[in-house]
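The sequence and the structure come first.

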Amino acid sequence: PERLTRGTAYGYQGAPAKATDWPAFRHDSKRSGSTPATVDGALEITWQKQIGRLPTAPTAAEGLLFFGDGKGSAVTALRQDTGAVAWQFLTGGPVDSPPTYHKGTVIFGASDGRVYCLKAETGELVWQFLAAHTTRQMCALGKFESANPVHGSVTIRDGIVYCAAGRSSFMDGGIQLYALDAATGEVSSHNTLTGPYTDFNTYTGGREGLPQGARTDVMLATDDGFYMLGSAYNWDLQPTKVVSRPPFITQSGLLDGNYFKRTHWNFPGGYASVLTFDDTSIYSFRMFDSNRALTSEVYFTPGTKGYALLKYERRPRNNHKVWETRVPLRAPATLSTPNRIFLGGIPDVVPEEDPYAAFHGTLGGDLYVVNAADGTVEQKLKIAGEPVFNGMAATPGRLFLALRTGTVVGLTSKGSMP
């Protein structure tokens, strides 16, 4: 099939993102979850909007918010100031993570195996590219999708879009790695990851020696390459062992919010269930006080001492812990600004009459605003439900949350709005 389709807005390019926008999943290609924008003063909810069955985390630029839908087949843009729908674009399958903004366009993958580029202001198609190995479809989680789906959030570097189609190098023709020109959709480079396959008729090693192959994830970029699930690749799309280490590594993926004990986000000197970082600090939010596994001595009891929020000073080797505080909140969404940390989640309480009430969503959600200097709680707000994993974004004076109920919440800060 013809892989590249040119749309009615083909050739369009606009303004680049500002430093204080939130143009990519977790703000940037290094997935820092941190922004130089300030959101000071008391926060208040200014609008709420129902947009889909399961909105992704948001991205934000040029006065708009952009979302995929993990259960639907659409990308939606909302206006940051009012929450009004600016446009909606239908795809051939769910979009599991948000679009990336680039020079007036938003670019994203979908489970139909395609990469889409839209005009950010209007949602018009600029181009679309079939990255899947084949047009064959399969049924997954009750919906038809490509045998080679593409994660919604792509990585853009120097005008090149990096994406991966597929699930595993052992399945369905392997993983298709593409580098595409962001302006035209034309292929810059391509690599297929397959195998490696083991001949068990001759293999004599143990389980630890078996090759693991490759799996796809939202890419975690460094200066000289990127990671997917702990495996490194250079910008020529080749597997490598010489890419510089990112500030953190996750073995379970950037979209896995299950809080499983053995799949922490790891960084030198610590670990987290979810974290944010900037040039000088790492803010770790975690459930367990130890990452030891397979022992009954280390466990977590809900509704007791709460979850841990820790600040680390970044150092060349092991990062140094600055402070630790406890918060009665199970937070799948965190975000940091130069002087604040924002935590969104469900209350860590176990009512006797309904021990699972918080997990079932009947108690709503909470938003905590924490002082980055000393860990004190500055504000607590009630929100309508639990945020999706990594489901926050910020622009100057504004904070946005995507909830598992399908609602998006817009908040403004009295202290920093013009």
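Leaving aside its neighbours within four places in sequence, with which residues is Ile341 in contact?

## Contacts of Ile341

Beyond those neighbours, Ile341 is in contact (heavy atoms within 4.5 Å) with Tyr283, Leu309, Trp323, Leu335, Ser336, Tyr368, Val369, Val370 and Ala372.

## Basis of the values

The model is predicted, so local features need pLDDT of at least 70 and side-chain atom pairs count only at pLDDT 80 or more, while totals for chains, interfaces and linings use all residues. Residues are numbered from 1 along each chain as its sequence is written, and side-chain values use heavy atoms, with hydrogens and water left out.

## Nonpolar cores

A nonpolar core is a set of buried Ala, Val, Leu, Ile, Met, Phe, Trp, Tyr and Cys residues joined through side-chain atoms within 4.5 Å. Buried means under 20% relative accessible area, exposed over 50%, and partly exposed in between, with a 1.4 Å probe and protein chains only. In soluble globular proteins, nonpolar side chains tend to be buried together.

The largest nonpolar core has 38 residues, and Phe248, Phe285, Ile341 and Leu343 touch the most other members. At least two residues of this core come from each of strands E21 (265–267), E23 (274–277), E24 (281–286), E25 (307–313), E26 (320–327), E27 (329–336), E28 (340–347) and E29. Strand E25 gives the largest share, five residues. Another core, of 28 residues, lies apart from it; among its members are Trp22, Val39, Val369 and Val408. Strands, like helices, are DSSP runs numbered from the N terminus (E, at least two residues; helices H or I, at least four).

## Sheets

Two strands pair if DSSP finds at least two bridges between them. Strands E13-E14-E15-E16, in that order, form an open sheet of four strands with antiparallel pairing. Its edge strands, E13 (155–157) and E16 (187–193), each pair on one side only. From one strand to the next, the twist averages 20°; axes are lines fitted to C-alpha atoms, for helices over the stretch in contact, and angles run from 0 to 180 degrees between N-to-C directions. Three bridges join E13 and E14 in the antiparallel sense, and Ile156 stands opposite Val161 in E14.

An open sheet of five strands, also with antiparallel pairing, runs in the order E1-E10-E9-E8-E7. Here E1 (4–6) and E7 (100–102) are the edge strands, each pairing on one side only. On average, neighbouring strands of this sheet are turned by 15° against each other, direction ignored. Within it, strand E9 (residues 114–119) pairs with E10 in the antiparallel sense over five bridges; Tyr116 has Gln128, in E10, as its bridge partner.

## Salt bridges

Side chains of opposite charge can pair when their charged atoms come close. With a salt bridge taken as a side-chain nitrogen of Lys or Arg within 4 Å of a carboxyl oxygen of Asp or Glu, the count comes to 14. In one of them, the closest N and O atoms of Arg136 and Asp172 are 2.6 Å apart. Arg136 lies in the loop between strand E10 (125–130) and strand E11 (137–140), and Asp172 in the loop between strand E14 (160–165) and strand E15 (175–181), so this pair ties together parts that are 36 residues apart in sequence. Arg136 is partly exposed at 42% relative accessibility, and Asp172 is partly exposed at 25%.

Lys382 and Asp366 form a salt bridge at 3.1 Å, N to O. Because Lys382 lies in strand E30 (residues 377–383) and Asp366 in strand E29 (residues 365–371), the pair ties together parts that are 16 residues apart in sequence. Lys382 is partly exposed, with 47% relative accessible area, whereas Asp366 is buried at 3%. Arg326 and Glu324 also meet in a salt bridge, at 3.5 Å from N to O; Arg326 is partly exposed at 30%, as is Glu324 at 35%. A network of salt bridges links Asp289, Lys305, Lys321, Glu324 and Arg326.

## Cysteines

A disulfide is a covalent bond between the sulfur atoms of two cysteines. Taking a disulfide as a pair of cysteine sulfur atoms within 2.5 Å, the count comes to zero. Cys117 is in no disulfide, its nearest cysteine sulfur being that of Cys163, 12 Å away. For Cys163, the closest cysteine sulfur is in Cys117, and 12 Å is too far for a bond. Cys117 is buried at 0% relative accessible area, and Cys163 is buried at 2%.
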